[in-house]
Amino acid sequence: MAEVTGKLEEEALKRKNRLRELREKRTHDEQNSNTSEEGTAAPKPVFRNYKPESEEFQEPMVMDDHAGVVEKEVGMHLEMMKTPIVIEEIDIVNLAPRKPDWDLKRDVSKKLEKLERRTQKAIAELIRERLKAGQEQDILLAVNIATVVASSTLQQTHSAED
């Protein structure tokens, strides 16, 4: 433990010495810049974003010839436009964004198919039982009910897929 504490203290002393040296260097540089400003002229301004109006500050400028470069680029684009662009047939279904619950519907659809088959079997059994029981008058009613139930379940599955 004493070794760790001693090591930390050594590092702290080194940091303090470095900071002290940097402060001394900065104050020394500031003093030198103050004395040099009195003896020398001010630095010349650099105009990067605008062209000065005063002739005193204007420097001879070399004009860049960008016209040749632009003409070449425009020529290349025109040549590219002459060649026909072959677009492969794109499947619109893949481009359309999917609904947020598409994965849930996909997983549930298999289970719904099984339930649909079981429902149809159960309806058929109920009709057979009624026929055996001798309820011939209710046959038409049972068939109508079965078709209504089947159509409603089909509508539900179609609406669930959408």
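1. A surface patch here joins residues with over 30% relative accessible area and no salt bridge: like charges within 9 Å, nonpolar side chains (Val, Leu, Ile, Met, Phe, Trp, Tyr) within 5 Å. A salt bridge puts a side-chain nitrogen of Lys or Arg within 4 Å of a carboxyl oxygen of Asp or Glu.

2. This is a predicted model: local features need pLDDT of at least 70, side-chain atom pairs count only at pLDDT 80 or more, and totals for chains, interfaces and linings use all residues. Residues are numbered from 1 along each chain as its sequence is written, and side-chain values use heavy atoms, without hydrogens or water.

3. The chain has five helices and zero strands. Helices are DSSP runs of H or I, at least four residues; strands are runs of E, at least two. Of the 162 residues, 4% count as buried (under 20% relative accessible area). The accessible surface is about 16000 Å² (Shrake-Rupley, 1.4 Å probe). Carbon and sulfur atoms hold 57% of that surface.

4. Positive charge gathers in a surface patch of K111, K114, R117, R118 and K121. R118 sits in helix α4, residues 102–133. R118 counts as exposed (over 50%) because its relative accessibility is 59%.

5. The UniProt record, an unreviewed entry, places a "coiled-coil region" at residues 105–132. Such annotations may be inferred rather than shown by experiment. In the model, residues 105–132 are 100% helix and 0% strand. Their end C-alpha atoms lie 40 Å apart.

6. V70, V74 and L78 make up a nonpolar surface patch, together about 260 Å² of accessible area. V70 belongs to helix α2, residues 67–82.

Key: Lys, Arg positive; Asp, Glu negative; His and termini not counted. Charge placed at Lys NZ, Arg CZ, Asp CG, Glu CD. Buried < 20%, exposed > 50% of the residue type's maximum accessible area, 1.4 Å probe, protein only.
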